[in-house]
Amino acid sequence: MSYPSTDYRRDIDGLRAVAVLLVVLYHFELGVSGGFVGVDVFFVISGYLITGIIHRQAGASGFSFLDFYERRARRILPALIVVLTACKVTAMAMLLPSDLERFGASLGATLFFVSNFYFWSQGSYFGPASDLAPLLHTWSLSVEEQFYLAMPPLYLLLQRFAPNRVPHAFALVTLLSLAGASYFVLYRAHEVFYWTPFRVWEIALGGWLAVTRLPDVASAAVRNVAAALGIGVILVAGVLFDSTTRFPGYSALLPCMGATLVIWAGVRGNAVSKALLANRPMVVVGLISYSLYLWHWPLIAFARHHYLGGSVPLSVRIMLATVAVLLSVLSWRYVETPFRSRDSVSRYGMIAWGIGSGVVVSCLAAALVLTQGVPSRYSDQVVALDRERARVSHRDECLNRRGEISVETACHVGAEGPATVLVWGDSYAHAMMPALDVAFRELGLSGAFVGRSGCPPLLGVSVSLRGRANWKCVAFNKDVMAALSSVDRIDTVVVAAAWNQYVDPKTGYILSLESGAKGDPLEVSAASLKQALAGTRVVVIEQVPVYPWGVPYRMAIAAMKGDAMPISPYSVHREASRKPRAVFSALAGDDGFGVVSPESWFCVETRCNYADEHGRPYYFDHGHLNRRGAAFIAPWLTRDLRVALDIGPEAASTEANPSRAANHRD
């Protein structure tokens with residue numbers, strides 16, 4: 001029985017190389033769909049090495065907090081500060097004010113090692129917005145540093161009062177954190193990905209390996225099999241996992257246990273690790289792995305900004321990967337290596353440099369936030385268009401409300417009086433609320449609004465986005481039906497949603513029948529909805545046109561560069577809405593089921609318009625209407641609802657004249 005060796009292990013540097021190569025190949029979209037598991041391998045390695053340092057020092061000459069945190073600072077800060085500085089200069093040159101303001105916030109969060117919580121507040125790691133965040137990858141550094149800030153004092157307390165329970169404590173933390181991650185990944189995948197309590201088991205697993213007396217394995221064959229199996233399962237996860245995998249949770253056990261096997265099998269050495277991991281090329285990549293991890297993501301993120309959030313060409317991605325390696329070699333040689341040695345940088349020099357650089361970067365971050373992204377860099381037109389990207393919607397409290405769904409307490413729209421109309425939908429329906437309010441008042445209707453983001457108003461269907469099921473949707477829609485059945489006066493239900501996106505696999509959405517029955521989910525669930533609402537008038541509002549780019553963002557970039565805005569072909573939108581339109585048209589008839597199509601409000605002849613005649617956008621992103629867009633559709637919505645609900649003769653109105661759309665300009 002023995003503790004792990006304290007000697008330098010080339011195979012661990014090789015394992016670092018495997019981890020960082022998986023991450024880089026994944027981020028540069030070079031054929032590794034699950035390369036994000038490389039971060040989990042890093043967590044296990046870090047837990048093993050750092051816990052081993054604390055364990056040995058505490059049991060020998062005594063643990064020094066000053067020495068420990070000095071070593072962490074020398075390892076982490078120099079290369080990080082250089083990368084942050086380079087990113088700041090590039091961001092100033094490339095990013096629009098709102099993007100630069102967000103970059104400033106992420107810069108401060110990174111410096112204080114809380115960027116995992118910052119990026120959690122901004123959206124999903126697998127979402128399109130995250131692809132444009134130059135410092136997104138620093139979330140993992142924050143998770144590690146939060147653990148290492150808390151672990152030494154807790155470890156020393158445990159060792160003092162229950163020294164024999166140290167391995168048990170690491171095992172308990174591992175099991176509890178893993179259990180929590182595996183449970184909540186089904187319901188709160190976003191939080192589980194970023195939050196330290198759900199990630200700490202991976203680091204604690206490595207820590208457990210460092211403090212546990214495992215039996216020596218005399219058999220070289222067993223060690224070789226263990227190492228080969230460990231490397232194999234890491235690579236399997238890297239190749240087979242993708243953004244639809246429920247991760248992290250039990251699925252993360254595969255790469256983490258693989259890393260654990262490799263480390264354990266290498267304590268006494270084995271031929272597999274020596275051949276595959278301890279060779280010179282892999283060790284070199286392992287040595288530069290930290291710098292490579294820091295440099296690679298900003299390069300691809302800024303490239304995506306250059307390509308307006310679209311796909312970066314393969315040749316450019318390969319070139320950027322090569323640049324990342326070259327920068328990493330320079331960073332390791334001229335930044336990391338000198339700062340690790342007290343002969344090059346003394347303790348007091350390190351403290352002075354650390355404080356000074358930290359203050360400078362903090363001030364820069366604060367300046368970017370306080371100035372709202374230094375808008376003076378651009379013309380008034382660019383700044384105005386960029387500000388249109390802000391999500392300033394109508395009555396945000398009406399969407400994703402918590403607690404019991406009730407018609408009586410739901411947000412009121414339209415004329416005064418008890419609600420007789422229920423508006424039910426997702427965030428696209430919510431974006432229409434100002435227009436619905438105007439239309440209902442004009443038509444003398446009193447309504448209530450209930451909605452949840454990412455939840456189509458359908459029955460018997462579940463929805464997932466990139467493999468992550470939105471379990472709240474099923475319960476929410478059932479609660480809406482229960483609320484409807486408890487109020488007799490509701491005689492009309494208006495449903496609106498991003499129908500086109502829910503049926504397009506390229507968006508990442510997948511609808512599936514809750515019962516597991518066969519059949520098209522939209523057809524079956526829409527028919528179920530009509531049947532459940534029999535005797536009630538139902539109006540479906542189809543989706544407004546959406547675009548492959550954020551409308552105000554694309555307009556701001558065009559204004560900045562002096563380019564013409566692209567034409568959005570009507571045929572594209574017509575094809576996108578073909579399936580939902582066919583489903584709803586088949587259900588429409590004389591039995592109180594009507595359909596309203598917004599396409600005709602925006603699209604004329606061969607193109608669709610996303611801005612008014614003054615060049616002001618109708619959207620704040622690629623498809624959600626802003627307040628101007630809602631005001632634009634209000635007359636058309638009033639007219640078409642009047643027809644769909646058969647509320648008297650249609651009033652003549654010059655404002656409700658679709659021919660006006662032809663006068664809009666892009």
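At 47% relative accessibility, C363 counts as partly exposed, a class that lies between buried (under 20% relative accessible area) and exposed (over 50%), with a 1.4 Å probe and protein chains only. The model is predicted: local features need pLDDT of at least 70, side-chain atom pairs count only at pLDDT 80 or more, and totals for chains, interfaces and linings use all residues. Residues are numbered from 1 along each chain as its sequence is written, and side-chain values use heavy atoms, without hydrogens and water.

C87, in contrast, is buried at 2% relative accessibility. Its sulfur is 19 Å from the closest cysteine sulfur, that of C363, which is too far for a bond. C363 is likewise in no disulfide.

A disulfide is a pair of cysteine sulfur atoms within 2.5 Å, and by this rule there are three.

| Pair | S to S distance | Angle about the S-S bond |
|---|---|---|
| C398 and C411 | 2.0 Å | -95°, left-handed |
| C455 and C473 | 2.0 Å | -85°, left-handed |
| C603 and C608 | 1.8 Å | 100°, right-handed |

In sequence order, the bonded cysteines pair as 1-2, 3-4, 5-6. C455 and C473 are both buried, as are C603 and C608.

Strands are DSSP runs of E with at least two residues, numbered from the N terminus. In strand β2 (residues 421–425), five of the five residues are buried, so the strand is largely enclosed by the rest of the structure. V421, V423 and G425 lie on one side, and L422 and W424 on the other. Strands pair if DSSP finds at least two bridges between them. β2 pairs in the parallel sense with β3 (residues 446–451) over five bridges, and five bridges also join β2 to the parallel strand β6 (residues 492–496).

Conventions. Helices (H or I, at least four residues) and strands (E, at least two) are DSSP runs, numbered from the N terminus.
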